[in-house]
Amino acid sequence: MSTQEHARKWKKRIEPFEEANWKTSTWQLINSSIPYLALWYLSAESMLDHWIWLTPLLALAASGFFMRIFIIFHDCGHYSFFKHPKTNEWVGLFTGFLTGFPYYKWRYEHALHHATSGNLNHRGIGDIWILTVNEYRQLSPKKKMIYRLYRNPLILFGLGPIYLFCKARMNRKGAERKERWNTYGTTIFILTSLLVLGSYWGWQVVLVVQGTIFYGSGIIGIWLFYIQHQFDGSYFEEQNKWNYFDAALQGSSFYKLPLILQWFTGNIGFHHVHHLGPRIPNYQLQKAHENVDAFRQVRHIGLRQSLDSLFYRLWDEEQKKFIHFSEIRDD
């Protein structure tokens, strides 16, 4: 079967789930943003009322709704959240301001991620740094140390949110005017919000609340993106062997989460469905998974099993699997 025939077959299978429902989308936008703003307010007030112990709990709860807003932002980047492209753009810009990520820049880089996920010849945009065993062996001792530090969970998840925030402030090379100004505008919005909110609550309160929310959601976001493509049985191939459909079904995880976590993460655990059908709204992903045989046959990863992936460090091209540093000979 040719690639075009394969694409037509899959398009027919997933097309029934690609239709966005404006009522469902609008309600999701409301039940994500209103609780987020309310929890932000309560977090700040708890500090002023000397309920300091309550502040981090409220802020971490707000991080969950922050994640839902980011999933909406993500869907808008795929033009899947609403039927009309312009509505997706306007909501994407709004949610981008709330989450601190420039909509046009993120949409461009994420589209590249979808087009190249699992392709060993096209790594580096919108993904986490992964080296093969052979690439690692050819590094100098200094670069090996840098890579080891990067792959250390304390660095990856500890400094990762700060790195992502700073990276989002910079335009990519070759960005068009609209994209550049969106990046500037998002940063201006963040600074203006900090000044306005700081003038009311005080900058210490604002930094503690917003910092806790951003840092907490950043760790969750990096973890989700990590486990979505780095798990036992994942898929990576050179360009001449790489296949979009295999990369989607085999290289994107089905991360089976408890229902409450599934709700807060906007069903993104059905990542195998999302990569094959990026135009499917997040609230349709589970339905697509349950009604398409090929999706149901994908092996799922549970919470306990997913923790094993924290020790994956390199991709072994010969064994077609992730390995630990300790498994490398002649290191």
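Reply: Happy to! A word on terms to begin with: the radius of gyration is taken over C-alpha atoms, and the globule rule is 2.2 Å times the number of residues to the power 0.38. Please keep in mind that this is a predicted model. For 331 residues, a compact globule would have a radius of gyration near 20 Å, and the protein's 21 Å agrees with that. Along the principal axes, its C-alpha atoms fill a box of roughly 60 × 50 × 45 Å. The protein has 17 helices and five strands, and buried residues account for 50% of its 331 residues.

Trp223 counts as buried because its relative accessibility is 16%, and the cut-off for buried is under 20%. Leaving aside residues up to four places away in sequence, Trp223 touches Phe157, Tyr255, Ser306, Leu307, Ser309 and Leu310. With one of these, Tyr255, there is also a polar contact of 3.2 Å between the side chains. Pro153 is 70 residues from Trp223 in sequence, yet the two C-alpha atoms are 9.8 Å apart in space.

How does this compare with the contacts of the whole protein? Among contacts with a separation of 6 or more, 69% are between residues 24 or more positions apart.

Terms used:
Residues are numbered from 1 along each chain as its sequence is written. This is a predicted model: local features need pLDDT of at least 70, side-chain atom pairs count only at pLDDT 80 or more; totals for chains, interfaces and linings use all residues. Side-chain values use heavy atoms; hydrogens and water are left out. Buried means under 20% relative accessible area, exposed over 50%, partly exposed in between (1.4 Å probe, protein chains only). Contact means heavy atoms within 4.5 Å. A polar contact is a pair of N or O atoms within 3.5 Å; within protein, one must be able to donate a hydrogen and the other to accept it, and residues adjacent in sequence count only if both atoms are side-chain atoms. Helices (H or I, at least four residues) and strands (E, at least two) are DSSP runs, numbered from the N terminus.
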